[in-house]
Amino acid sequence: MRRLLFTTSALAALAAPAWAEETETLTADPLPEVIVTATRLPAIAARTPGARVIDQTAIQRRGAVFTADILADVPGLSVVRTGAFGGVAQVRIRGANPGKTLVLIDGVPVNDPAEINGAYDFSGLELAEIERIEVLSGPQSSLWGSDAIGGVIAFTTAEIRGVSAQAEAGSFDTLRGRLAAGVTNDAYAFGAWVSRFSTGGISAADEADGNPETDGLDSTTVGARGRYALSSAARIDGSVRWSRNEADIDGFPAPRFRLADTADSTESEQWSGFARLTVATSGLVHQFSLSASDIQRDTVSRFPSTFEADRQVWRWQANGSSSERLTYAFGAEREDTQGSLSSGLVDELGTTSVFGTASVQATTRLTLTGAVRWDDTDDFGSETTGRVSAALDLDSGFILSGAWGTGFKAPSISQAVCDFCFALRPFPVLRPESADGFEAALGWTAQDGRLDGRITLYRLNVEDQIAYVAGRYINIAQTRTDGIEAETTARLGGGLDLTLAYAWTDARDETTDARLLRVPEHAGSATLAWSGERLSGALTLRAEGDQDDAGGVRDGFVTANLNGAYRLTDGVDLTARIENLADERYQQVLGYGEPGRSAYVGVRLRY
């Protein structure tokens, strides 16, 4: 098994960050089990097919600034970014288009209802405020409803203790700073932070194609989070986050209508938050919550536009257990979304849902989990989705697991009213997209915890996928993705950890057998991280193979990043990082340039 994991991962000759929580020092004791919470029932990651957890230690070791950078290292995820600083950054999970990835921040859905596919833009989401990232690959509609055909990415912001500050400066006139303060104890906690990122940037259109103009980014984020225990059986908690991004972008000027330098720019302002009451009574723990998000996007160009969207979700969830072996959760939701169109008109969609999930320890070795959900949309009828999974503990540290599930995605607001449609009427009546997927995984953990890994085989089928064809949106027959995901972590001793990851993704349109755009067939990464008494850091390699793109093929590439930190005192760290260490010229999306070698130095303070 060890040879299989390393051989498969080495096909990419590269590396990735640790997806799981790690201890500060290497011991002979097994590592603590990593718990996933986005599954609605707490679950052990190693026994949950498609689940990965990136904790704060892994985030700091990786040295990345924006969430899109670290998500690109997760096997099965491909990041689409139209420009390095401020360009739209979206994520595809297992070949599904970006609108089929549901994004949660502190449990709040933040996908953009006014975006054509309903996708989330990761370009301005910094990692400094994030304590934990959970990725659930595969259809998760039985847990979260529409938008979760490809999977779910859940971010948890940090609970702040004390005072901390961070400052960094470097290439392209880049400046970054953060200030946070908070107090926490068993009865209550409250914290707030503000962060700022500014850069002169590079040209969004590839400079090698004769585009010397730089495109900068200014980003500001403010957030707060708190909780208060009303009694031993009740508490309230909540959070709020506001961000504003101003970015220069490039367009497609006449007469060639090819990507080139322009004076175009975009501004976006977004806020999200939730309030929740948790009450334990009669053997159940009830959660009553309201979450909301709002976004406005303004583009200044020859064809200026303004889009605004908002979403509210009312949710009740009850968790309980009837024995040591059975745990369960059930609840109901009401979601309302509203979004503006290119015409300036506003439309809205809504869904009422009920759901339930349960996990049973059938034997000392076998765990079974199931979930079912019914979603009743205001405009497109109702859908029932489900998911079943099993995990079997084998001898010698092996775990065999598998899952099968279904998913659906209602048309977005733009698709529902045929925004940007120019064909003659009548427009087709769209059906919700539907999906089914299965996966099987074999994982292994050494008895002393020094080596672990997992290899996953999966298939994802999507029917009635919505596409824009001949001036209108239509349902096409079917797409299919077959894939392999392999990952392993070796704790080498002396503070050294090596993490390898590889993904083979064969995503195709079943009607034409053509590969889906912007999904590389091969991708991999490797991270060698070290932790000493004062010095820590990581060297990360990442590679992607060729990928089909609109208008051609984007060539594959290999990049390297190096970062480190030196603990000067208990409250002061000095930091440094070098991006694109080998000064590789590459494109993540065809036509859009990426930065060459760049360097940054900074300081972290805490009290």
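Which residue's side chain meets that of Glu485 in a salt bridge? In this predicted model, the partner is Arg94, with a nitrogen-to-oxygen distance of 3.0 Å.

The structure holds 49 salt bridges. A further pair is formed by the side chains of Arg297 and Asp112, at 2.7 Å from N to O. This pair likewise links distant parts of the chain: Arg297 is in strand β17 (residues 284-300), whereas Asp112 is in the loop between β8 (108-109) and β9 (130-137), 185 residues apart. Arg297 is partly exposed, with a relative accessible area of 22%, while Asp112 counts as buried at 6%. Arg515 and Asp506 form another salt bridge (3.2 Å, N to O); Arg515 is buried, with a relative accessible area of 16%, and Asp506 is buried at 15%. Through shared partners, salt bridges join Arg52, Arg94, Arg387, Glu439, Glu485 and Glu487 into one network.

Ring pairs connect Phe66, Phe85, Phe172 and Phe197 into a cluster. Elsewhere, the charged end of Arg40 sits over the ring of Trp144, 3.9 Å from its centre.

The count of disulfides comes to 1. The bond is formed by Cys418 and Cys421, whose sulfur atoms are 1.9 Å apart, and both cysteines are buried. The torsion about the S-S bond of Cys418 and Cys421 is about -80°, and the disulfide is therefore left-handed.

Terms used. Residues numbered from 1 in each chain as written. Predicted model: local features only at pLDDT ≥ 70, side-chain atom pairs only at ≥ 80, totals over all residues. Heavy atoms only, no water. Disulfide = S-S within 2.5 Å. Buried < 20%, exposed > 50% of the residue type's maximum accessible area, 1.4 Å probe, protein only. Phe/Tyr/Trp six-rings, centres within 6.5 Å; stacked < 30°, edge-to-face > 60°. Lys NZ or Arg CZ within 6 Å of the ring centre and 35° of its normal. Salt bridge = Lys/Arg side-chain N within 4 Å of Asp/Glu carboxyl O. Helix = DSSP H or I, 4+ residues; strand = E, 2+ residues; numbered from the N terminus.
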